[in-house]
Every structure is written in structure tokens, then in C-alpha cells.
Amino acid sequence: MCNISFTSKFVPMTLSDFANRTSSFNRDNLVDYPWTPASSKVAKDVFTYRVCDCSAALVTDGEKALLMHFVPSNEKNHDFKQIIKLIANNFDMNNSGRMQAVLVGAKPYSESIDVFNIFRYVFDKLKMPTTILYNGKGATNIAYRTCTDEVYISNFHIDKSLKKGKSAIEAINSGFEKAELSEADEV
């Protein structure tokens, strides 16, 4: 069940710890409504809240990060060319071997699976190692801090698990229907 390709450290957090940790992030780096390509952010520290039936994708080369949060109800978000354009405009595509991704979200049996699968298709085509956190069991918050190479992740079930004393990996698994984490990854 756990097979992560991303080499960053995944840090599951309670909801309050996530809010505290991201309070020092520049508010301009928040990916917020309307959750389209235009609302995506590129910075050293990026974050978004409430990934529900949306799909959020983080791409990093270790120097900066691109965070996209796409709502499935917007037709523009179903165009794979938009994703490739965002990546190509912000990263050296000749050095794609340094890029890695995290993909969070989607709900099965809905239009959101289409956006999720488009992200997977693009990352597969670019041969980009990708961590998959599929179908969050609650609104999921995600953040990335470049200087520490850490992905912060939180939702209600992760919060509850951590408060019960569960391990970090148990907390992540409790928050998603499917978590593909590699053995090389740190949790």
C-alpha cells in the first residue's frame, strides 16, 4: 500500500499545527479560489487549504515549488496542456530528472477523477516521481517548504489519528483511501 517516489519528508500534522506552521508563510503563496491554473503559485513556500473533490499537485526541483489546486467544475482545469504549460514556464524541462511531484485529492465516481488522472498522465509522461494521496477522507491541507524539503499534510482524520498517538504513517494512511509511498521516503 505504501510506495512513495518523492524524497521529501512528509510531515502529517494536526489541523492546529498546520495552521501554526503555515502562519509564517507569505500569504501571497496561498493557492486559493478560484482554483484554476491562474491561481497556481510558484515560490519557496506554498500552501493550500480544503482539497476536497479538487486535485492539488505540487511540483518541486528542490529550489522552488509550484502548487496547483484545480476544482473539477471548471472546464479549463481538464486541459492537460495547461498543466504542462505551468510546469514548462516555471522549470527547466531539460532538467526534468530533478523534478518530483505530490498529487492529492479526487473523489471516485465523479468528474474530479478526470482532473486527477490528467495530472497523473502529465507526471507519468514527464517521468516525474510522484507521491499519490488519493481520495482524502476530509478536506485536506497541503504545504511545502523548500528550505527544509518538507511536505506538511493535514485533514480531520490525520488530526484525529495523531491525537490518538498513532504513528506518522498510520496518520497518513488514515487520511486517504490510498497512499502510495516509497520505502525511500521519510515520513
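Select Thr14 and display its neighbours: leaving aside residues up to four places away in sequence, Thr14 touches Ser154, Asp159, Leu162 and Lys163. Keep in mind throughout that this is a predicted model. Thr14 is found in the loop between strand E1 and helix H1, which covers residues 15–22. Thr14 counts as buried, because its relative accessibility is 11%, and buried means under 20%. Now draw a line from the C-alpha of Thr14 to the C-alpha of Lys163: the two are 7.6 Å apart in space, although 149 residues separate them in sequence. The backbone nitrogen of Asp17 is 3.1 Å from a polar atom of the Thr14 side chain.

Next, select helix H4, residues 156–163, which holds both Asp159 and Lys163. Two of the residues that Thr14 touches are these, Asp159 and Lys163. What do the side chains of Asp159 and Lys163 meet in? They meet in a salt bridge, with 3.0 Å from N to O. The two residues are four apart, about one turn of the helix. Colour the pair by accessibility. Asp159 is buried, since its relative accessible area is 7%, whereas Lys163 is exposed, with a relative accessible area of 63%.

Go back to Ser154, another residue touched by Thr14. Ser154 is in strand E10, where Asn141 stands opposite it. Select strand E9 (residues 140–145) together with strand E10 (residues 150–154): they run antiparallel, and five bridges join them. Then widen the view to the whole sheet. In what order do its strands lie? The order is E1-E10-E9-E4-E2, an open sheet of five strands with mixed pairing. Strand E1 (9–12) and strand E2 (30–31) are the edge strands, each pairing on one side only. As background, strands of a sheet pair through backbone hydrogen bonds, either parallel or antiparallel.

Stay in the sheet and select Arg145 and Asp45. Arg145 forms a salt bridge with Asp45, and their closest N and O atoms are 3.1 Å apart. The pair links distant parts of the chain: Arg145 belongs to strand E9 and Asp45 to strand E4 (residues 45–51), 100 residues apart. Are these two residues buried or exposed? Arg145 counts as buried because its relative accessibility is 16%, and Asp45 is buried too, with a relative accessible area of 15%. Side chains of opposite charge can pair when their charged atoms come close.

How many salt bridges does the structure hold? It holds three. To see another of them, select Lys178 and Glu180, whose side chains meet with 2.8 Å from N to O. Glu180 counts as buried, at 19% relative accessibility, while Lys178 is partly exposed, with a relative accessible area of 36%.

Tyr121 can be located by way of helix H3, residues 112–125, in which it lies.

How values were computed
Residues numbered from 1 in each chain as written. Predicted model: local features only at pLDDT ≥ 70, side-chain atom pairs only at ≥ 80, totals over all residues. Heavy atoms only, no water. Pairing = 2+ DSSP bridges. Buried < 20%, exposed > 50% of the residue type's maximum accessible area, 1.4 Å probe, protein only. Contact = heavy atoms within 4.5 Å. Polar contact = N/O pair within 3.5 Å; in protein donor to acceptor, adjacent residues only side chain to side chain. Salt bridge = Lys/Arg side-chain N within 4 Å of Asp/Glu carboxyl O.
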